[in-house]
Amino acid sequence: MRTILVTGPGGAGRTTVAAATALGGARRGRRVLFLTGERTLPDGCFDPSTDGGAPPVVRRVDSGAHFRAELLALQERAATALGMLGATPLAGEELTELPGSDRFALLGALREAAAEDWDLLVVDMPPLLDAVAALALPEQLRRYLRRLLPPERQAARALRPMLAQLAGVPMPAEWLYEAAARRDAELAAVQALVEDPATTVRLVAEPGPAAARALRTARAGLALHRLAVEPVVANRMLPTESPDPWLAALAAQQQAHLKTLGEAHELPHLGHEPRSADDLARLEPPAAPPAPAPEWTVEDRRDPDGVLVWRIALPGAAKPDLGLVRRGDELVLTSGPFRRAVPLPSALRRCTVSGAALDDGVLSVRFVPDPDVWPRTR
């Protein structure tokens, strides 16, 4: 299944471009699922096409309904314990969606879509930085589960009564491990979809001074999580040849800012919001091969110091925004607001970090063997 995740700075028209992408795929005869949390597109935009293709299936991501369903299900599973505490059950009508629940609703919708049979999945993602954070959630949450409830500890369940007496505290119950395993499987399905080679991120921006900064930050975050990114879609481009001096000046400013976005596909400004399938057809970005997912490699330079170098491609990263720290067998990388803990390759686990440098979007981390745990021989 081909998956296109469409995002961009708020107000750049990402929902419109996502809808145009879904409609274009349907008009070419593909079975298309369009996931969106927005309700701004007119109903006529997805009318059956004259080409004979079926319209895309539109599925709304209702974060409020997802939050209520998840909380009520948790309440039902914990009913016995809550009853012992004298808790009063909550009703669905009184539940108010909490901030951040939209990310989990999106993950749930992606999990359902991954289990279905579609030719093309187009996802209208949240605004840029929220989208990157949501795409990073499956891996991050799975890491937290592994650290807090190590699966190998579950095998020792026969020893828990004795361990509880020795420790003086109750050991985790079986249901907790079962719940963690179930969540891990659900998150693994979403992570597999996000990291699939057929999944790409389509960035939509309206050229301007803020767009270049937002895209630079987002590109570094996407590279940190090794997601393939398509060329930028420059939306709402004004005509460059206009007799109106005011409009011509605005178009000239757009063209100047366009150069800061890198390779880009231009989409015209319609002069109005899309009202029909024909309007959307004019806003479908041309097909283009995405940039490959960033490569991370380890090279052995075999210089007198025995230096090993881990080269990590982070296109868009800037020195002031980039940080790294060693934590056990992991290297914690940060770029702006994004953070990822990466397991070290086996060749580097008995080494210490001796330095790092960022050059042209490639982070080179130098490691030398640690003489305390790995004496070197010459």
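Strand 1 runs parallel to strand 5 (residues 199–205) and is joined to it by five bridges, where strands are DSSP runs of E of at least two residues and helices runs of H or I of at least four, both numbered from the N terminus, and where two strands pair if DSSP finds at least two bridges between them. The structure is a predicted model, in which local features need pLDDT of at least 70 and side-chain atom pairs count only at pLDDT 80 or more, while totals for chains, interfaces and linings use all residues. Residues are numbered from 1 along each chain as its sequence is written, and side-chain values use heavy atoms, with hydrogens and water left out.

Within the pairing with strand 5, Ile-4 has Thr-200 as its bridge partner. Strand 1 is also joined by five bridges to strand 4 (residues 120–124), again in parallel, and here Thr-3 is partnered by Leu-121. Of the six residues of strand 1 (residues 2–7), five are buried, that is, under 20% relative accessible area with a 1.4 Å probe, protein chains only.

A search of the whole structure finds one cavity of 30 Å³ or more, a cavity being a set of points on a 1 Å grid over the protein atoms alone where a 1.4 Å probe fits but cannot get out.

Note on methods:
Buried means under 20% relative accessible area, exposed over 50%, partly exposed in between (1.4 Å probe, protein chains only). On a 1 Å grid over the protein atoms alone, a cavity is a set of points where a 1.4 Å probe fits but cannot get out, and a pocket is an open set with protein on both sides within 12 Å along at least five of seven lines; lining residues have an atom within 4 Å of a point. Grid points are joined across faces, edges and corners, and a volume is the space filled by probe spheres set on the points.
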